Amino acid sequence: MELLDGKKVSNQIKTEIAAEVAKMRDRGEKVPHLAAVIVGSDGASLTYVGSKVRSCQQIGFESTLVQLPSTTSEQELLKKIEELNQDADIDGFIVQLPLPEQINEQRVLLAIDPDKDVDGFHPTNFGKMALDMSTFIPATPFGILELLERYKVETQGKHTVVIGRSHIVGRPMSILMGRKGWPGNSTVTLTHSHTKNITQIISQADIVISALGVPNFLKAEMVKDGAVIIDVGITRVPDETKEKGYYITGDVDFENVSKKASFITPVPGGVGPMTIAMLLKNTLLARERHRSKK
Ligand SMILES: Nc1nc(=O)c2c([nH]1)NC[C@@H]1CN(c3ccc(C(=O)N[C@@H](CCC(=O)O)C(=O)O)cc3)C=[N+]21
């Protein structure tokens, strides 16, 4: 079994990006500027956004954190988005999901300028991704592809089973793994809450990508010997004996599944850190595209 070490690879990627930024600075060019909008004060969301901003500082990006109260109206958020769209200094921005219930997520995603949509959630960018056009690939799926590539995991002709059809992970992942080229050229099954015989389908998978959010869902007896296991689930389990009052666990029974797997991602330290690295990569890409437009 080989560990797909997202923490290590994400640090490599950040070092690579930092070198690019240093060159930009040396040439007297503007450096990439990422903004993150967060509505409300959900603990997990604040942690993620916080580490996005910290990573920006590490690698020499400019960053702006826009924190809005949980009572923010949809109109107020749309106004903020329009400001960020118009702000020539901002290369890319994200609106952290989930949003409070008074705000319609679809209207928000539609309002983001596709050229600044470094999450790749705007329908224009999602459509481009599905059509193999150059775009921003959503950070979590992008991070998984990058891990498969850097560890030279064979995906071509393999049966990939994706568990979960969320807009930010399962759905795009199912499209990307089936695209031409490598990592891709896979035969993809997208499973979800209405899938019948899900355990039987999973047992046929060469590659399992679990994006469910159910701790211990994937057990050793469910997977084929030598399968590649990608664990996208992140659940915080309250535990007073831990320093933070909780621990983080994925969808996979790591201890037992890792004995059968050829490659496996840990949680924490797997897909999570890769998500942040690829968001930074998309922001670098956004800066380069804006530069060559002018
Ligand atoms: N507009 C938007 N874009 C996103 O990309 C987005 C989002 N909304 N909403 C929530 C999800 C989730 N997400 C994570 C990012 C990093 C870690 C991460 O770094 N995890 C650490 C543990 C961090 C911890 O919880 O302490 C790890 O797995 O090692 C996890 C999850 C981005 N998301």
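First, the ground rules. We are looking at a predicted model, where local features need pLDDT of at least 70, side-chain atom pairs count only at pLDDT 80 or more, and totals for chains, interfaces and linings use all residues. Residues are numbered from 1 along each chain as its sequence is written.

Start with the layout. The chain is split into domain 1 (26-114) and domain 2 (139-272), with bounds that come from an automatic or database domain assignment. Taken over C-alpha atoms, their centres are 28 Å apart.

Now the core. A nonpolar core here means buried Ala, Val, Leu, Ile, Met, Phe, Trp, Tyr and Cys residues joined through C-beta atoms within 7 Å. Buried means 20 or more other C-beta atoms within 10 Å of a residue's own, exposed means 12 or fewer, and partly exposed is in between, with C-beta atoms placed from the backbone. The largest such core has 75 residues, and Ile144, Val208, Ile209 and Ile229 touch the most other members. Helix α10 (residues 271-293) supplies the largest share, nine residues. Helices (H or I, at least four residues) and strands (E, at least two) are DSSP runs, numbered from the N terminus. Both domain 1 and domain 2 give residues to this core, so it lies between them.

What does Ile144 touch, beyond residues up to four places away in sequence? Its partners are Met173, Ile209, Ile230, Val271 and Met274. Contact means C-beta atoms, placed from the backbone, within 7 Å.

Next, the annotation. An unreviewed UniProt entry places a "binding site" feature at Gly164, Arg165, Ser166 and Ile234. UniProt positions are in the numbering used here, feature names are shortened, and annotations may be inferred rather than shown by experiment.

Take two of these positions. Ser166 sits in the loop between β5 (159-163) and α7 (170-178). Ser166 is partly exposed because it has 16 other C-beta atoms within 10 Å. Outside four places in sequence, Ser166 contacts Arg171 and Ala211.

Ile234 is in the loop between β8 (228-231) and β9 (235-238). Is Ile234 buried or exposed? Ile234 has 20 C-beta neighbours inside 10 Å, so it counts as buried. Setting aside residues up to four places away, Ile234 touches Ile248, Gly250, Val267 and Gly272.

Last, Gln102, in the loop between β4 (92-95) and α4 (105-111). Gln102 is exposed, with 12 other C-beta atoms within 10 Å. Beyond four places in sequence, Gln102 contacts Ser73 and Glu74.

How values were computed: Two residues are in contact if their C-beta atoms, placed from the backbone, lie within 7 Å.
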